[in-house]
Amino acid sequence: MSWFKRNKGIEKTDDLDLSACFDSFNKHWQQTFEIIDQFQASKGVIKYDDIIAVINHLNQLIKLLLLDIQSVKSTNQSRCLEYFLKNQLLGKLYSWSLKTDKFKNYLKLEQLKVFGVLLSELRGHQLLSDDSILNPLILILYSYDGDCLSVEIEKHLVTVLRQFCVVLSHQPSILCNVLKDHTKNSKCVILSLLMAFIHREGSIGEEARDALLIFVSLSRHNDTLANIITSRSNVSPVLATGLSGLYSVLPRKLDFENDCYRLSPENIEDVPELNNFLASVELCNAVAKICHKTVHDQLLDYLYHGFLLPVVGPALMQVAEEEVATATVYLDLLLRSVTHPGLLQTFVKFVLCERFEKIKIIELLVNRINNKSFKVCIATLALMETILDLNCEDVMLELVFKYLVPCTHIMLSQRSRIKQVDSYCKSADIFLSLIPDVLKHRNVNSQTLYSEYRGYLNYARIKIAECAIETKYWTYLYDGENPSHIMVETKINELENDQNSILSADDSSSGYESFKAIKDIDKILASEDSRPADEILSNTSSPCGSNSPTCFIRQSTLKTKEPFTHYPCLGPFLEALFSNLENLPEQDFRINLRLTAVMTRLSIYNKPLIQSLLLNHSMIFQPCIRSLFQILRSLKQTIESKLCSRVEKIIEAEAFLFERENKLCKTNCSHSVNEKIPEPFARGEIKRRSISVAFGAMFRRNSGNKEAILESTSNGYRYYKENKTQSLDLAINAIILAEWLKELSAICQEHTIS
């Protein structure tokens, strides 16, 4: 409607002559009716000039109607509206337009524009409660269902659908009128039309997704609508298959030279396919949050069987290393993008329980930690860090506690010391003493954030407090006594043929209590920076009370069949990490950054079994178990022996790190100016990061080409190009180790305080 400007609307006229307005309104309709009557008398012969005349009269009718309604105190006093409804003008116009042959689609589009204006301008009025307006709107929507539409029609149609959904959300009584006409086998035309656009790019797709969310949210308290969505619409199948389709067009290889083992918002912006995929993931996440329980359950079922099993699973089982690494990165992105507890449970169940080629996915991932391929190894370590960040009891049970609960890795005489608190922080001193001597007296810039020990203390305090809150409702304490390995084995045997895991043995808590959104925990802790963590926690209300909607499950659905081990063993996961750590001096520093980040995350858990393994220097283990402190002592000796006479390399490595850090700070500043919206998959990341996270971002760019160096060989001379980062790997790894030891020391101190 060319006369109508949406951004301005209809201006209210105080001195409008209502009587003259009604007379003009009546005259326009009479002229329109004469054209319609003449058409019927001529037995279906219509002229283009007549079509244009009808559209012009229709435009004037709507303009006068809006002026009249806005000039009176209520719609009940509008003579134009009364006449409009009583004579069913829109219904008559629609019926006539169907008989106009080649002009039918043109007239339908104009009527669609009319409904767009009415829904937009008269949103606060109860116009749709009258069948003379609602029924023609439904008929026009039905007429477009299944048709091949032009871009112009699609744009107006999606806009009308969104406005219609907004009106329904404000006036739920109208929804009953919309649903009452649905017969047993009929479909919901609103959903049928919207589902064709939800995966579309651009503004049309955005409007369609907004409309879908508004409409689906109405099902939360409407069982009839929920039944229609689950039984007479394709919402869940389209969301799941759409996700599968978008996943299939993602790049099969990523540039790991630029640290793409973990996707950032900057990476995603550069790849349109990733943008579309992430938008679809966020849509599924939003639908799961706001819909009816039956819709929620159906959606999760379709996502599990229509996306995870047939698409993500086979992608992780590929042979080519680059494709395997890329699939691992995408799984990491999924876990960081999803925030709804039900979706998180679905993904965790998939990772922990599903088998491909007779091996569990979680076992496959653990085996890849020591993969010879740099890309597979580093992507897997990043994914494991994300999985540990979930603070899920079932995850920790599968990876760690299943092997530590029997306490076979500890000498029998030491088991009573598992819960012992290191009151004097001796372990913290030991960690600091393990820093190679060649690095203890280096000239460090005191202004560098991540070289400040206090920075590590702040980081450790916040992360430990956050983890304590999220694991507060775990089933067991994992302190060497609770649970008893005998009791747990008995429970496993009793439930072996059941669908519940051992975590359901105590219905008072759940392994998934930690799937919750921490409410500004960063702000809570930052505002009380000087107070000890235990005091803060004691005054922080539990975010996961018994009636909390985030406490969505009281019985785990993950099945655990494997018995607890009876021989000294740390389990494949911890053994893989320890084995990888032993190679720290020789391997790529980027792997070391991710490795230390994973082990730091493990040490954050306030569970005595983990603390006694990683942070207790005096714990005596079985002879076949090599402790973390033994490995660190060996690393210290190795680094000292190789770097004792190469102090210049350490200085060069420090300069390299400072240069990279400065570049990173400048890059972050430029991004912060241009980006006002926070990244969608950040789980409330705290402002002060660990050294592993900080250094990890420093190496996102290649060092560039170096000039050729002349080297003497047995056969003469040759030129070769020295890679700066490779030549400095040992020195960089030594600095990483030193900073990581400071981080572990700080974690020890904060655990003692808390």
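## Basis

Residues are numbered from 1 along each chain as its sequence is written, and side-chain values use heavy atoms, with hydrogens and water left out. The model is predicted: local features need pLDDT of at least 70, side-chain atom pairs count only at pLDDT 80 or more, and totals for chains, interfaces and linings use all residues.

## Ala327

Ala327 lies in helix α16, residues 321-337. Helices are DSSP runs (H or I, at least four residues), numbered from the N terminus. Buried means under 20% relative accessible area, exposed over 50%, partly exposed in between (1.4 Å probe, protein chains only).

Leaving out residues up to four places away in sequence, Ala327 touches Tyr247, Ala315, Leu316 and Gln318. Contact means heavy atoms within 4.5 Å. The C-alpha atoms of Ala327 and Lys253 are separated by 8.8 Å. These two residues are 74 apart along the chain.

## Salt bridges

Arg200 pairs with Glu154, with the closest N and O atoms 3.0 Å apart. Arg200 sits in the loop between α9 and α10, Glu154 in helix α7, 46 residues apart. Arg200 is partly exposed at 31%; Glu154 is buried at 11%.

Lys463 and Glu466 form a salt bridge at 3.7 Å, N to O. Both lie in helix α23, three residues apart.

Conventions
Helix = DSSP H or I, 4+ residues; strand = E, 2+ residues; numbered from the N terminus. Salt bridge = Lys/Arg side-chain N within 4 Å of Asp/Glu carboxyl O.
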